[in-house]
Amino acid sequence: MDCIQDWPEPVVRVQSLSDSGATRIPERYVKPAADRPSSAPCADLRIPVIDLATLASDGPVDCAAVVQAVSGACRDWGFFQVVNHGVDPSLIRRIREVWGSFFHLPMEAKQVYANSPKTYEGYGSRLGIEKGAILDWGDYYFLHVLPSSLKSLHKWPALPPTLRETTDEYSREVLKLCERVMKVLSLGLGLEDDFLQKAFGGDDAGACMRVNFYPKCPQPDLTLGLSSHSDPGGITVLLADDRVKGLQVRRGDAWVTVQPVPDAFIINVGDQVQVLSNATYKSVEHRVVVNSETERLSFAFFYNPKSDLLIRPAPELVTSEHPALYPPMSFDEYRLYIRRKGPRGKSQVESLKAV
């Protein structure tokens with residue numbers, strides 16, 4: 001990643017634009033007509049909600065009904081919500097409180113943690129380094145969790161005082177959930193329950209988190225909080241803002257607005273699992289819309305393969321009738337595209353098929 005050193009232009013905090021009281025958004029945030037929230041119909045559907053009560057332990061995964069439900073959701077939607085997932089609701093409340101407080105600190109306190117595109121780690125306001133790119137209406141804080149060699153607590157905000165401790169506890173609990181879900185995903189492919197975990201590098205798998213802050217927007221019909229994309233990594237566990245809707249999932253030619261269940265997590269398949277499953281499971285485009293009435297806060301936890309491992313379709317899923325759709329590629333190579341271009345629908349994973 002050494003070739004990407006800094007942002008091509010001065011970074012403007014979206015929260016500052018929102019707080020300025022301006023009634024129009026800068027041209028840099030105005031999306032082309034085809035990409036605006038009203039450009040495609042919204043479908044009155046709901047993503048599947050799956051009860052993980054039987055999995056909320058570190059024991060073996062043996063619930064056929066859960067495996068079937070998760071597998072079906074990943075094949076059909078690429079997204080599902082989980083309840084009774086084993087993460088304490090009080091911890092969920094605390095993580096929301098500390099990060100909500102962080103984003104309302106004075107700007108100079110947050111600027112100490114300003115990030116660069118080399119790692120994204122820290123306080124940021126844009127993805128991709130194309131000069132003159134149309135930007136999204138959102139700020140974020142990106143931090144590493146795994147491998148431990150990249151986890152650096154001093155790069156996490158020191159204020160509020162309990163933020164580091166709370167975030168560390170939260171990440172440990174969500175990691176446990178990721179490991180359980182990986183077993184279910186493997187079984188749903190007809191493979192051993194540790195297949196995907198091994199393909200991710202076993203104990204050397206990676207994890208990171210992006211805390212997303214979407215300020216109020218005076219012209220929400222012209223922009224997006226996060227442009228349409230599929231997640232480049234393995235699986236994503238999202239703690240959405242359950243007071244304010246904003247996440248939309250593509251369903252054919254329409255968009256489905258996700259209705260968050262209180263204290264649930266929204267889980268989706270990333271591009272690396274699509275590759276490993278030889279497109280049995282599919283990553284799905286999603287985006288975030290903003291509004292003029294209230295801000296939104298969400299937490300995207302990304303569980304990823306070890307960055308230098310070659311990822312390719314599982315041999316067990318490759319046959320003469322279903323040949324391998326993707327060439328081997330490391331996650332490092334793959335995400336370099338995202339860092340250069342920013343969110344671009346499913347163009348990266350689809351382009352690999354043509355190789």
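Start with the whole chain, drawn as a cartoon. The chain has 9 helices and 14 strands. Helices (H or I, at least four residues) and strands (E, at least two) are DSSP runs, numbered from the N terminus. The radius of gyration is 19 Å, close to the 20 Å that the globule rule gives for 355 residues, so the chain is as compact as a globular protein of that length. That radius is taken over C-alpha atoms, and the globule rule is 2.2 Å times the number of residues to the power 0.38. Along the principal axes, the C-alpha atoms fill a box of roughly 55 × 45 × 45 Å.

A word on what you are viewing: this is a predicted model, where local features need pLDDT of at least 70, side-chain atom pairs count only at pLDDT 80 or more, and totals for chains, interfaces and linings use all residues. Residues are numbered from 1 along each chain as its sequence is written, and side-chain values use heavy atoms, with hydrogens and water left out.

**Stop 1: the eight-stranded sheet**

Strands of a sheet pair through backbone hydrogen bonds, either parallel or antiparallel. Two strands pair if DSSP finds at least two bridges between them. Now colour β1-β2-β10-β7-β12-β5-β4-β3, in that order: these 8 strands form an open sheet with mixed pairing. Which are the edge strands? They are β1 (49–51) and β3 (122–124), and each pairs on one side only. From one strand to the next, the twist averages 25°. Axes are lines fitted to C-alpha atoms, for helices over the stretch in contact, and angles run from 0 to 180 degrees between N-to-C directions.

Zoom in on β7 (residues 235–239) and β10 (residues 265–269). These two strands run antiparallel and are joined by 4 bridges. Select Val237: its bridge partner in β10 is Ile267.

Helix α5 lies across β4 (139–146), β5 (206–214), β7, β10 and β12 (296–304). It runs at about 55° to β12. Contact here means heavy atoms within 4.5 Å.

**Stop 2: the four-stranded sheet**

Select β6-β11-β8-β9. These 4 strands form an open sheet, and the pairing is antiparallel. β6 and β9 stand at the edges with a single partner strand each, so one side of each has no neighbour in the sheet. Neighbouring strands here are turned by 25° against each other on average, direction ignored.

Look at β8 (residues 247–251) and β9 (residues 254–257), which pair over 4 bridges. Gln248 stands opposite Thr257 in β9. The two strands form a hairpin with 2 residues between them. Click Gly252 in the turn: it has a positive phi of about 65°.

On to β8 and β11, which pair in the antiparallel sense over 3 bridges. Here Val249 stands opposite His286 in β11.

**Stop 3: the cavities**

How many cavities of 30 Å³ or more does a search of the whole structure find? It finds 4. On a 1 Å grid over the protein atoms alone, a cavity is a set of points where a 1.4 Å probe fits but cannot get out, and lining residues have an atom within 4 Å of a point. Grid points are joined across faces, edges and corners, and a volume is the space filled by probe spheres set on the points.

The largest cavity has a volume of about 160 Å³. Of its 17 lining residues, select the closest to the centre: Leu238, Leu247, His286, Val288 and Ala300. β12 gives the most to this lining, with 4 residues.

**Stop 4**

Most residues other than glycine have a negative phi, and most peptide bonds are trans. Select Leu146 and Pro147: the peptide bond between them is cis, with omega near 0°. From Leu159 to Pro160, the bond is also cis, with omega near -5°. Pro147 is in the loop between β4 and α5, and Pro160 is in the loop between β4 and α5.

Finish at Asn84, in the loop between β2 (79–83) and α3 (89–103). Phi of Asn84 is near 50°, a positive value in a residue other than glycine.

Notes
On a 1 Å grid over the protein atoms alone, a cavity is a set of points where a 1.4 Å probe fits but cannot get out, and a pocket is an open set with protein on both sides within 12 Å along at least five of seven lines; lining residues have an atom within 4 Å of a point.
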